[in-house]
Amino acid sequence: METKIIISLLCFFMLSCSNYYYMDETLNEQGLVTDIDGNIYKTVKIGEQWWMAENLKTTRNYDGTIISKSRFYADDSVKYHYLGRLYNGEVVTESKLCPEGWHVPFKEDVDILLNFLGDNAGGKLKAVGTFENGLSYWLSPNVGATNESGFSALPTGYMTGTYYFTGRIALFWICTPNPDFDENQENSKAMYLHQLRLVNSLDYAQIYQVVDNWTWMAYYSVRCIKN
C-alpha cells in the first residue's frame, strides 16, 4: 500500500514540475540549436529533416541586424514568452531570421514533413493535452493531438492589427524563393509566402498561400528547419 502511494506521489510531482509546453516524450532523435541572442532551442529529427521543436524568439537576424517587426503575443513578453515571438511577413522574406545553417521552411520542406507524417499530420504535430486539464496551452478539444513527431506545436494565435486566437490556432510562416522573379515586372515578388495552419478542432494540417497584402503583413510564428 505504501509503495503505491509513493509511486502516485512521484508521478504527480513529475507532472506538476514539467514544462509541458516544451517537447513531449518522443522516440525521435533530439538536439539543440542556439540563435544569435543566445536563446537555446530543442530540435527534433522527423524523417530525414531536422526541425526546431520550439518557436523562434530572436530579436536579431543571424547577421546581427535588429528585426524591426516582431513581437510577443499581446505585447506581453512575460506572460507569453513560452510562445516565442510573432514575425511580420516582410521580415520573413529577408531570409535572415534563423540561426546560420537553418532557414524558414520552403513549401517543399513542409510538403515533405506532412507526407512523412501521413494521416492526421496535424495531430502528430500538436502538443498533447488541453489547457483545461492542465496539460497543454491548447484549448479543448485539441482534436487528435499526439505529438508523435515531437514538433510540439503551440497555439500562438496571430496578429493582424489586433491579436487573435491564442489557445486555438497555430500559424507558421512558409517562405519559398520565386524562381521566376523579375524585378522589372510590376507586382513580381521574390518570395512566395504560405502559412501552415493547425487548429484545436482538427487533427489535420492545412497550407494556404498568402496572396493579399493585408495577410502578407500579418504576424505569425516561425519554426526553422536545418539546411
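Q: Which residue does D63 form a salt bridge with?
A: D63 pairs with K96, and their closest N and O atoms are 3.4 Å apart. A salt bridge here is a side-chain nitrogen of Lys or Arg within 4 Å of a carboxyl oxygen of Asp or Glu.

Q: Where do D63 and K96 lie in the chain?
A: They link distant parts of the chain, 33 residues apart: D63 is in the loop between β3 and β4, K96 in the loop between α2 (89–92) and β6 (102–103). Helices (H or I, at least four residues) and strands (E, at least two) are DSSP runs, numbered from the N terminus.

Q: Before we go on, what kind of model is this?
A: It's a predicted model: local features need pLDDT of at least 70 and side-chain atom pairs count only at pLDDT 80 or more, while totals for chains, interfaces and linings use all residues. Residues are numbered from 1 along each chain as its sequence is written, and side-chain values use heavy atoms, with hydrogens and water left out.

Q: Thanks! Why does D63 count as partly exposed?
A: Because its relative accessibility is 37%; buried means under 20% relative accessible area, exposed over 50%, and partly exposed in between (1.4 Å probe, protein chains only). K96 is partly exposed too, at 29%.

Q: How many salt bridges does the structure hold?
A: Four. One of them joins D37 to R60, with the closest N and O atoms 2.8 Å apart. That pair also links distant parts of the chain, with D37 in the loop between β1 (30–34) and β2 (40–46), and R60 23 residues away in the loop between β3 (49–52) and β4 (70–71).

Q: And which residue does D111 form a salt bridge with?
A: K107, at 3.0 Å between the closest N and O atoms. Both lie in helix α3 (residues 107–117), four residues apart, about one turn of the helix.

Q: Switching to strands: is β10 mostly covered or uncovered?
A: Mostly covered: seven of the nine residues in β10 (residues 191–199) are buried.

Q: How does β9 pair with β10?
A: β9 (residues 169–177) pairs with β10 in the antiparallel sense, over nine bridges. Two strands pair if DSSP finds at least two bridges between them. T176, for instance, has Y192 in β10 as its bridge partner.

Q: What about β10 and β11?
A: Those run antiparallel as well, joined by five bridges, with β11 spanning residues 206–210. Q195 stands opposite Y208 in β11, and a hairpin of six residues joins β10 to β11.
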